[in-house]
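Me: I'd like to go through the labels on this one and see what backs each of them up. Can you set the values against the cut-offs for me?

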Amino acid sequence: MTSVARQSHIELKSPREIDLLRQAGHVAAEILMDLKRHVTAGMKTHDIDALAARIMKERDVTPAFLNYRGYPAVVCTSVNEEVVHSIPGSRCLKEGDILSLDIGIFLNGYCGDTATTFGIGRVSEEAERLMKAGRDSLEASIQAAVLGHRLGDVSHAMQAAVEKVGFHVVREYGGHGIGRAMHEEPHVPCFGTPGTGIRLTEGMALALEVMANAGTAEIRHKPDKWTVVTADSSLSVHYEKMVAITDHGTEVLTPHEK
């Protein structure tokens with residue numbers, strides 16, 4: 001789940017806390033991939049939410065999204081033109097749709113938060129290109145998120161990978177720090193200038209997120225006040241992974257196929 005929330009400081013994590021985030025992140029990644037394997041054409045998005053709730057209960061983890069600022073579900077199920085935060089409901093998935101799944105869980109007091117986008121059956125060439133751009137963007141941001149680099153380097157890598165193939169990143173939302181709270185400082189925009197922003201320091205834990213649109217970068221909110229859609233109804237994708245900045249390299253805390 002994305003956020004533009006602000007806090008007063010960045011909380012650096014100890015090796016023990018990173019281990020707890022690793023445990024939560026691994027479980028979140030496993031749940032996300034389990035959901036992906038079960039999603040098929042003909043399912044309604046509330047069916048995915050029900051499945052996610054059951055899996056989370058079986059794994060003995062607490063849903064992070066449910067009741068967060070009033071959000072009424074355990075997952076976000078954003079289809080086609082929906083960018084992020086789409087509330088599961090009666091929308092029925094069909095062949096050719098693309099689905100962005102975003103999940104968050106708490107395990108032993110620490111948060112795991114991750115997202116991916118994938119096609120339902122065969123999808124259009126544009127959808128394939130957009131999904132590849134999103135995956136490449138997330139990977140580029142992970143490669144840039146190393147000790148000593150600046151936050152602007154991470155955000156710029158994310159932006160450049162999307163824009164070089166003619167698509168656009170969303171500017172109103174982005175990634176965030178993560179730990180005992182789902183949304184911590186710093187905010188990580190999907191766009192930025194190299195060499196600017198805070199310096200990445202040992203102990204930082206970040207949830208890197210890219211949201212990319214096939215058409216305009218502009219977005220709007222639906223009447224439910226949660227669902228974000230593209231202003232021109234073009235396709236959108238959302239990818240997210242957690243990383244920890246350490247003295248021995250950057251570790252992906254939610255390892256899964258993109």
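Me: What makes Asp97 and Lys94 a salt bridge?

Reply: Their closest N and O atoms are 3.0 Å apart. The term asks for a side-chain nitrogen of Lys or Arg within 4 Å of a carboxyl oxygen of Asp or Glu, so the pair qualifies. Bear in mind that this is a predicted model, where local features need pLDDT of at least 70, side-chain atom pairs count only at pLDDT 80 or more, and totals for chains, interfaces and linings use all residues. Residues are numbered from 1 along each chain as its sequence is written, and side-chain values use heavy atoms, with hydrogens and water left out.

Me: What about salt bridges that share partners, which residues do they join?

Reply: Asp19, Arg22 and Glu251 end up in one network that way. The whole structure holds 11 salt bridges.

Me: How do you know that Arg54 and Glu58 form a salt bridge?

Reply: The closest N and O atoms are 3.9 Å apart, and that passes the distance criterion of within 4 Å. Both residues sit in helix 2, 4 residues apart, which means about one helical turn separates them. Arg54 is partly exposed because its relative accessibility is 48%, whereas Glu58 is exposed at 59%.

Me: And what does the salt bridge of Arg91 and Glu81 tie together?

Reply: The N to O distance there is 3.2 Å. Arg91 lies in the loop between strand 3 (82–84) and strand 4 (98–107), and Glu81 in the loop between strand 2 (75–79) and strand 3, so the pair links parts that are 10 residues apart in sequence. Helices (H or I, at least four residues) and strands (E, at least two) are DSSP runs, numbered from the N terminus.

Me: Why are helix 3 and helix 4 called roughly antiparallel?

Reply: Their axes come within 8 Å and cross at roughly 155°. That makes helix 3 roughly antiparallel to helix 4, because angles under 35 degrees count as roughly parallel, over 145 as roughly antiparallel, 65 to 115 as roughly perpendicular and the rest as oblique. The axes are lines fitted to C-alpha atoms, for helices over the stretch in contact, and angles run from 0 to 180 degrees between N-to-C directions.

Me: Which residues meet where helix 1 touches helix 2?

Reply: Ile31, Asp34, Leu35 and His38 in helix 1 meet Ile48, Leu51, Ala52, Ile55 and Met56 in helix 2, contact meaning heavy atoms within 4.5 Å.

Me: What makes the phi of Asn67 worth a look?

Reply: Asn67 has a positive phi of about 70° although it is not a glycine. Most residues other than glycine have a negative phi, and most peptide bonds are trans. Asn67 is exposed because its relative accessible area is 58%. Asn80 also has a positive phi, near 55°, but Asn80 is buried at 12%.

Me: Where is the cis peptide bond?

Reply: Between Glu185 and Pro186, with omega about 5°. Pro186 has its place in strand 8 (residues 184–189).

Definitions and conventions. Buried < 20%, exposed > 50% of the residue type's maximum accessible area, 1.4 Å probe, protein only.
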